[in-house]
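Please keep the sequence and the structure in view while reading.

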Amino acid sequence: MSKAILVLEDGRTFHGSAYGAVGETFGEAVFTTGMTGYQETLTDPSFHKQVVVQTAPQIGNTGVNDEDDESDRIWVSGYVVRDPARRPSNWRSTGDLGDRLKAEGVVGISGVDTRALTRHLRERGAMRVGVSSVDLDPRSLLERVKGAPQMLGADLSAQVTTPERYTVQADGEHRYTVAALDLGIKRNVSRRLAARGVTTHIFPASSSIEDLLAVGPDAVFFSPGPGDPATADGPVALAQEVMRRQVPLFGICFGSQILGRALGFGTYKLGYGHRGINQPVLDKTTGKVEVTSHNHGFAVDAPVGERIDTEFGGVEVSHVCLNDNVVEGLRGLEVPAFTVQYHPEAAAGPHDADYLFDRFVELVEKKG
């Protein structure tokens with residue numbers, strides 16, 4: 001196998017072997033703690049422009065298949081694993097993970113001490129990284145890492161959104177219609193809605209309020225996605241138009257940050273970000289603690305534990321992360337809107353928060 005190196009923005013260097021495509025790539029170094037679900041992670045648009053480090057020591061055991069993709073392609077900028085499986089073994093497998101990475105041109109590195117790399121990122125914070133199997137000079141690669149774009153200020157939703165509207169029909173009897181703004185949507189969102197009798201129309205990120213209302217939606221959904229929410233002025237204005245019309249609105253992750261801005265709150269970049277599938281979140285409405293799936297480097301800046309008056313009436317923080325008290329959800333008291341910062345549609349990941357799709361349907365029922 002070809003040799004490869006990984007160089008972080010602060011100069012920390014790891015040596016390993018090429019995995020996937022041979023080449024060079026740059027992005028923001030992030031890690032994910034899932035022992036399974038690597039195919040869903042790779043194809044999640046929220047990981048666009050990120051180099052994903054898998055903390056589980058062995059990856060690729062179950063191969064890849066034709067059913068578990070969360071979008072039409074792999075979105076990660078690069079991939080870092082410790083021990084790639086030599087031979088996949090699963091009854092659903094249709095191919096090898098390394099071959100899939102190579103076929104889609106995804107540059108990766110294996111043989112890396114991912115535990116040490118993850119601990120370094122947890123101590124030093126999120127940073128840019130380069131992976132190369134063509135230039136093995138750490139100093140040379142570091143110069144290009146420092147010249148790579150930062151995630152702060154990155155406007156990425158237009159790069160991952162659908163080029164045209166499409167529809168996912170309800171399973172069984174149709175109950176409601178939802179217009180979803182695709183900022184980097186995962187297929188499991190529409191699957192979770194379809195299971196509740198919802199037909200979902202997925203729209204490009206540049207869509208107008210007239211576009212969304214043309215399908216006669218009972219509610220509107222703002223999806224997860226990558227990038228800095230401070231750049232998303234168009235979706236923010238759209239969310240405000242939806243709320244002015246009192247149409248029920250639900251936002252997840254990037255969509256939550258968009259709604260936070262629409263309500264008048266600021267957003268900021270977290271020093272470390274929230275990653276992985278084991279983050280504890282408190283639902284302040286019920287007092288229930290959920291184990292949840294996260295991938296976000298930005299958060300909404302809103303006061304916890306008090307009513308906040310906005311243009312759209314009172315708002316309160318509905319969910320908080322128990323690790324650091326970061327805002328993980330907002331709830332409108334007069335306008336029918338709520339958000340969560342994490343991923344209740346987790347694929348793969350815990351299903352503790354799946355009830356939030358029921359809460360969305362209940363919001364529609366109350367409005368009706």
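## Two domains

The structure is a predicted model. Its protein chain is divided into two parts: domain 1 covers residues 3-147, and domain 2 covers residues 157-367. A distance of 28 Å separates the C-alpha centres of domain 1 and domain 2.

## The area between the domains

The size of an interface is often expressed as the accessible area that is lost when the parts come together. Between domain 1 and domain 2, about 1900 Å² is buried, and carbon and sulfur atoms give 47% of this area. On the side of domain 1, P45, S46 and E70 supply 28% of the area buried against domain 2, which is more than any other three residues supply.

The interface can also be described by its residues. In domain 1, 27 residues are in contact with domain 2, and in domain 2, 23 residues take part in this contact.

## Polar and charged pairs

Five salt bridges are found across the interface of domain 1 and domain 2. Across this interface there are also 12 residue pairs in polar contact, with both residues of each pair at pLDDT 80 or more. Two elements, β3 (24-32) and α3 (114-124), each give two or more residues to the side of domain 1 that touches domain 2. Sorted by class, this side of domain 1 has seven nonpolar, 10 polar and 10 charged residues.

A salt bridge for the reader to locate joins the side chains of D72 and R187, with 2.2 Å from N to O.

A348 belongs to the loop between β20 (337-340) and α10 (355-367).

K49 is placed in the loop between α1 (38-42) and β4 (50-54). With a relative accessible area of 37%, K49 is partly exposed.

Q246 is likewise a residue other than glycine with a positive phi, in this case near 60 degrees. The loop that holds Q246 runs between α8 (233-244) and β14 (249-252). Is Q246 buried or partly exposed? Q246 has a relative accessible area of 30%, and it therefore counts as partly exposed, since this value lies between the limits of 20% and 50%.

Key:
Residues are numbered from 1 along each chain as its sequence is written. This is a predicted model: local features need pLDDT of at least 70, side-chain atom pairs count only at pLDDT 80 or more; totals for chains, interfaces and linings use all residues. Side-chain values use heavy atoms; hydrogens and water are left out. Domain bounds come from an automatic or database domain assignment. Contact means heavy atoms within 4.5 Å. Buried area is the accessible area (1.4 Å probe) that two parts lose on being put together, summed over both. A salt bridge is a side-chain nitrogen of Lys or Arg within 4 Å of a carboxyl oxygen of Asp or Glu. A polar contact is a pair of N or O atoms within 3.5 Å; within protein, one must be able to donate a hydrogen and the other to accept it, and residues adjacent in sequence count only if both atoms are side-chain atoms. Helices (H or I, at least four residues) and strands (E, at least two) are DSSP runs, numbered from the N terminus. Ala, Val, Leu, Ile, Met, Phe, Trp, Tyr, Cys and Pro count as nonpolar, Asp, Glu, Lys and Arg as charged, and the others, Gly among them, as polar. Buried means under 20% relative accessible area, exposed over 50%, partly exposed in between (1.4 Å probe, protein chains only).
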